[in-house]
Amino acid sequence: MQFLELRQDLIQTVLQMNRMGINQGTSGNAAARVPEGFLITPSGMAYEDITPEDIVLKRFNGTYESPNGLRKPSSEWRFHEDIFNDRPDANAIVHTHGKAVMTIACMQREIPPFHYMIGLAGGDTIRCAPYQTFATKELSIVAVEALKDRKACLLANHGQIALGSNLKQALSMAMEVETLCDVYWRTLIAGGPTILDKNQMDEALEKFNKGYGSAKAFVSSESK
């Protein structure tokens, strides 16, 4: 079987999403780039039931297959494909429906620079893409736009997308966004956060760009 280790990593990634509490049920999905397209979790399967034979190879030419011939790709395959096409620096994508992420996404708010760790996602905000129906091309379009120069975004009234140079890094980014959303809504309840100014965020971004913290884990698409 082609890409056995990567198929196993995908299964462990989605299982870990639920164990970490940043997703539940089968609501999220994950994908990893391969030369002809990407591997993606199948549609409508409980994570604990997925085997490597169920992982779907979705080719950029439009075709797909699973080794057992039984599975279709996740219904959200469109934004995975369009993000991979738009972002050669990303080798892995994680999509989650965590409670904190959904809270802020359902408010249709971007996450402002209330904490310097926002900079891990690549800028001074984490954008929230406008609402579009799930599993549509329209959702894919707004997601790609919200991810311009970013490693994560929220999807209005939906969830989040996080990118990485591998699945471990994409999952780590998703966990960071969930944590930031959790703290952000707490500050809103308490009366609102104090926002860092541009100079303060520029300093933080400069440090992240130099490799401070886990930001250095997100490297070029040549890394595996």
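## Terms and basis of the model

Angles between elements count as roughly parallel under 35 degrees, roughly antiparallel over 145, roughly perpendicular from 65 to 115, and oblique for the rest. The structure is a predicted model, in which local features need pLDDT of at least 70 and side-chain atom pairs count only at pLDDT 80 or more, while totals for chains, interfaces and linings use all residues. Residues are numbered from 1 along each chain as its sequence is written, and side-chain values use heavy atoms, with hydrogens and water left out.

## The sheet

The strands discussed here, like the helices, are DSSP runs numbered from the N terminus (helices are H or I with at least four residues, strands E with at least two). Eight strands form an open sheet with mixed pairing, in the order S4-S3-S2-S1-S5-S8-S7-S6, where two strands pair if DSSP finds at least two bridges between them. Its edge strands are S4 (64–65) and S6, each of which pairs on one side only. Strand S1 pairs with S2 (residues 37–40) in the antiparallel sense over four bridges, and within this pairing Ala-31 stands opposite Ile-40 of S2.

Helix H3 touches S6, S7 and S8, and its direction makes about 65 degrees with that of S7. Helix H4 also packs on the sheet and touches S6, S7 and S8, but its direction makes about 140 degrees with that of S7.

## Strand S5

Strand S5 is largely enclosed by the rest of the structure, because five of its five residues are buried (under 20% relative accessible area, with exposed meaning over 50% and partly exposed in between, for a 1.4 Å probe and protein chains only). Both of its faces are covered, with Ala-92, Val-94 and Thr-96 buried on one side and Ile-93 and His-95 buried on the other.

The neighbours of S5 in the sheet are also described by their bridges. S1 pairs with S5 in the antiparallel sense over four bridges, and His-95 in S5 is the bridge partner of Asn-29. S8 (residues 159–164) runs antiparallel to S5 and is joined to it by five bridges, with Gln-160 in S8 as the bridge partner of Thr-96.

## The nonpolar cores

A nonpolar core is a set of buried Ala, Val, Leu, Ile, Met, Phe, Trp, Tyr and Cys residues joined through side-chain atoms within 4.5 Å. The largest one in this model has 45 residues, and those with the most contacts inside it are Ile-111, Leu-154, Val-177 and Cys-181. At least two residues of this core come from each of helix H1 (4–19), strand S1 (29–34), strand S5 (92–96), helix H3 (99–106), strand S7 (152–155), helix H5 (167–189) and helix H6 (198–209), and H5 gives the most, with nine residues.

Leaving aside residues up to four places away in sequence, Cys-181 touches Ala-100, Val-101, Ile-104, Ile-111 and Leu-154. A second, separate core has 20 residues, including Phe-38, Phe-79, Ile-83 and Ala-129.

## Helix packing

Two packed helices are described by the angle between their axes and the distance between the axes. These axes are lines fitted to C-alpha atoms, for helices over the stretch in contact, and the angles run from 0 to 180 degrees between N-to-C directions. H3 and H5 pack at an angle of about 55 degrees with their axes 7 Å apart, and they are therefore oblique to each other. Their crossing is left-handed, meaning that the near helix is turned anticlockwise from the far one by less than a right angle, whereas clockwise would be right-handed. In this packing, Lys-99, Ala-100, Val-101, Thr-103 and Ile-104 of H3 meet residues of H5 that include Val-177, Cys-181, Tyr-184 and Trp-185.

Helix H2 (residues 77–86) and H4 pack at an angle of about 35 degrees, with their axes 8 Å apart, and H2 passes H4 in a right-handed crossing. Arg-78, Phe-79, Asp-82, Ile-83 and Asp-86 in H2 meet Lys-137, Leu-139, Ser-140 and Val-144 in H4.

## Loop residues

Glu-110 is found in the loop between H3 and S6 and counts as partly exposed, because its relative accessibility is 38%. Not counting residues up to four places away in sequence, Glu-110 touches Thr-125, Ile-126, Arg-127, Cys-128 and Tyr-184. Glu-110 and Cys-181 are 71 residues apart in sequence, and their C-alpha atoms are 9.7 Å apart in space.

Most residues other than glycine have a negative phi. Ala-135, in the loop between S6 (128–129) and H4 (137–146), has a positive phi near 60 degrees. Asp-149, in the loop between H4 and S7, has a positive phi of about 60 degrees although it is not a glycine, and its relative accessibility of 62% means that Asp-149 counts as exposed.

Note on methods. Contact = heavy atoms within 4.5 Å.
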